[in-house]
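Hi,

Have a look at it first, then read on.

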Amino acid sequence: MSTVRPVVTLGRRMPLIRYLLFRVLGAIPTLLAIVTISFFLIRFAPAGPFDRARALPADVVANLDAAYGLDRPLWQQYTSYLRDLAHGDFGPSFRYKDFSVTELIREGFPVSATLGAIAIAIALVGGVGVGVVAALNHGRFVDHATIGLSVVAIAVPSFVLLPALGLLFGIELHWLPVAGWDPTSIRDYVLPVTTLCLPPLAYIARLTRASMIEVMRSAYVRTAFAKGLPLRTIVLKHALRPALIPVASYLAPAVAMTMTGSLVVETIAGLPGIGRYLVQGALNRDYTLVLGMVIVYSTLLIAMGLVVDLLIAALDPRIRLEA
Amino acid sequence: MNPPPDGRAPRASGVWRDALRRLGRSRAALGAASALAFLVVLAILGPHLNPNRYDAIDWSCIAMPPGLEHAHWWGTDALGRDLFVRTLLGTRISLAVGLLATLVSLLVGIVYGAVAGYAGGSVDHLMMRVIEILAGLPLIFFVILLTVVFGRSEYLLFAAIGAIGWLTMARIVRGQTLAIREREFIQAAVATGAGPVRILFRHVVPNVIGPVIVYATLTVPQIILFESFLSFLGLGIQEPQASLGTLIASGASEMESAPWMLLIPSAVLAILLISFHLLGDALRDALDVGDL
Amino acid sequence: MSAEPVLVVEDLRVEHPGRGGAVEAVRDVSLSVGAGECVGIVGESGSGKTQLCLALMGLLPPSARIDGAVRFAGAPGGAARAVRGERIAMVFQDPQTALTPHLRIGSQMSEVLVHHRRSSGARAREAARAMLARVGIPDPAGCLRRYPHELSGGMRQRVLIAMSLLCGPQLLVADEPTTALDVTVQAQVLELLARLRREQRMAILLVSHDLAVVAGLAARIVVMYAGRVVEEAPAEALFHGPRHPYTAALIACAPNADGPIPARMATLPGQPPGAAERFTGCPFAARCDRSSERCRREPPPMTAFDDGRRFACHDPLPA
């Protein structure tokens, strides 16, 4: 229930190109603030990347610090990080030796993004479908069942769902592989994608149901009924588009979350995505890796915010794009 | 929630009495409320009904299935600890952290949102910009840094999680405040010379409380779920203490050999979450809040 | 009056089951509309007018309980529902919200013909353009490309009227078609309805809380109160000699019916009863200055006369 309708208030005659330019330029300070906050937060957290359970000798740590530039004043490290960032360089990983953060993300992101995109697409189509059916049967059994099942789907943690699905379809029925990853084998996608898509599907179904019930009570839907149009036309042509606006608002965070990978799903299913880097990086004080992941997530979120605003403007012609 | 047109503030008691009456007519709400009340009572009293302690290891009963013929009614875990007592204590802790984090996010969100909405103009603009930036950061990143600082004290940790989870609440309160700021009863309060702080907390906040309560009932289950995720990472409640999340996380690894270790805490969690959701939905209808 | 009735309603009763018992929105309403005739229905808000219209159109929610008979001559078996939008059309009160916001006018109009007449898209658009011109829209071709929010309230109501007339209906149900409009626009829309009735030879059921709106157009007027018909008479007779005290009060509130349309109707003292209220006697008794003990005790029966007049009152005003 955390979607708040974005207030898009920009001029009618504003050309799309100019609008996009405004939005992209406006995102730069936001992103910079996010990078800055993250940089200093992680640096002020106690312990550093080379503090292990078994302490390294002090001179080794000092050498490592020097090698990674951690011995310089913090503000110098900050400016040099920003300089590298401006050249598209996320810096070397502290924990994955011999890998740069750019390489890690470049290798893992396609896996996470592919799975996430498929999951969100299924969640969108399935959730909207289920929500519409529930709304049209408002107050009847189908509706109650949808609400009940959606709460369960939102409530079951992925670390329960994925092993349970693996147990059922992999170990008991031998239909699907439990773990392992071959990007060309569709069967490998089924369980992780199912686990990823179920919560957003349930959430989208709830959002669609609620807004659809409201739209079906609106005066213009009554007009459409009075015109003698068949239910199919009324739902698909008149009611669905306005009912999708809350769903569109929810999409921005959902896409950013899902496409940057799920630690739980990728760890349990053994997928080479980027889902674990954020948590691992923060736990290990892998400063550059954490920052890289934060930037990927935030950029995706901001970009999706823009896409969603355009989507909403397309869904409702009364909304004007203003910069 | 519309105030009467005569310019007075809506009489809160009347609004709430109506809402309560409507709530009382909803079978889902009554069912959810009784299930919650039952779980709360069980979580408080239950552990005293059973002779076992939550951290006592019973070597003679390792991973024993549930049954009434022995003292471990809901079975034991892989270390022989009683699951009835652990599950109910876990329920207590999950509820406590969920409520605590929600309460903190409520307080911060209401103050922040009400100030932004009431101040308006450039103050509002700046404050919303801050929210936009904070919302651009992944929550888990903050939480992991917080566990470093508060890791040894779960309650402080969840208070801190609440303190960073207030963004949506603040947006809701701001929107409501903006909407009622121009209403007559606020203008009347301004005219009588009431100061902004007094107006905010005597007049604005009581009138935005409806959506806030609805959102809060939906935040509690979110936090409980989030706690279970942290427990899976080993960052939540620490052994030998248990939360529903830690129990489910350890149960998940034994789901083949000892499925009750997963099913029992999962069932309790599911009942808890479903009850909160149903209650939130019913409240939304009763208070006529619309979708958040 | 002489023409064969296009719509006959007999003892129509609409109930909405609620948690506090059923709410009777319409109680035992009977009326008929002849072909090409304009019948007005007048009553305060909450008197069941809109519920009656929705029941005629078959637009009530499935939870509503409907008793009695509605026979529409233009439909096989008399069910208006089957020919809704084609032979029987409806115009709603609020043109601001009655058009789908995300669809262009052209799309909303042509779909009626595409569905009912199996017209091609191009022919439907041409017919829509012609109909917009007939209802007096200055740039009909341009209007087809507009979204509803780009039009004024009066224009939107014209669009809605044009849309309802596309298939040449035999009966138009107009529920408060002018209430949401400015006074000058009100007059234009009423003139338009009068002209279209003549040109298209269609019957109109004109519903309003405002006697003055109905006065100029309707040949016969039905007065409703608390979900019931309390009086019906030819318009002329009704104005010159109302028999039911409620009708008299309504006329007293409306300024000269032949004069300018008032911007705001003066109101009757007291509140009209809610639809959930139940009566043992006459529902108007509480507000009626002629009411007696008998009015409060027993419901007045409907008395019909040869001149097409009927009313339900124990103590009617003298003829």
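A term to start with: a residue is called buried when its relative accessible area is under 20%, exposed when that is over 50%, and partly exposed in between, using a 1.4 Å probe and the protein chains only. Please keep in mind that this is a predicted model, in which local features need pLDDT of at least 70 and side-chain atom pairs count only at pLDDT 80 or more, while totals for chains, interfaces and linings use all residues. Residues are numbered from 1 along each chain as its sequence is written, chains are lettered from A and ligands numbered from 1 in the order in which they are written, and side-chain values use heavy atoms, with hydrogens and water left out.

Chain A first. It has 13 helices and zero strands; helices (H or I, at least four residues) and strands (E, at least two) are DSSP runs numbered from the N terminus. The C-alpha atoms of chain A fill a box of roughly 85 × 60 × 35 Å along the principal axes. Of the 323 residues in chain A, 52% are buried. With contact meaning heavy atoms within 4.5 Å, 75% of the contacts in chain A between residues at least 6 apart in sequence join residues at least 24 apart.

G305(A) sits in helix α13 (residues 287–315) and counts as buried because its relative accessibility is 18%. Beyond its neighbours within four places in sequence, G305(A) is in contact with R23(A) and A252(A). N137(A) is in the loop between α4 (101–136) and α5 (141–155) of chain A. A polar atom of the N137(A) side chain lies 2.8 Å from the backbone oxygen of V133(A).

Now the interface of chains A and B. Here 38 residues of chain B are in contact with 42 residues of chain A. Together the two chains bury about 3500 Å², 79% of it on carbon and sulfur atoms; buried area is the accessible area (1.4 Å probe) that two parts lose on being put together, summed over both. Several helices of chain B each supply at least two residues to the side that touches chain A, among them α4 (121–135), α9 (196–233) and α11 (260–287). The most comes from α11(B), with eight residues.

In chain A, the side chains of R318(A) and D316(A) meet in one at 3.1 Å, N to O. R318(A) is partly exposed, at 45% relative accessible area, while D316(A) is buried, at 10%.

In chain B, D124(B) pairs with R174(B) in a salt bridge, the closest N and O atoms being 2.6 Å apart. D124(B) lies in helix α4 of chain B and R174(B) in helix α7, so the pair ties together parts 50 residues apart in sequence. D124(B) counts as buried, at 8% relative accessibility.

In chain C, R310(C) forms a salt bridge with E232(C), with the closest N and O atoms 2.5 Å apart. R310(C) is in strand β11 (residues 310–311) and E232(C) in strand β9 (residues 228–234), so this pair ties together parts 78 residues apart in sequence. Both R310(C) and E232(C) are buried.

Cheers

Definitions and conventions
A polar contact is a pair of N or O atoms within 3.5 Å; within protein, one must be able to donate a hydrogen and the other to accept it, and residues adjacent in sequence count only if both atoms are side-chain atoms. A salt bridge is a side-chain nitrogen of Lys or Arg within 4 Å of a carboxyl oxygen of Asp or Glu.
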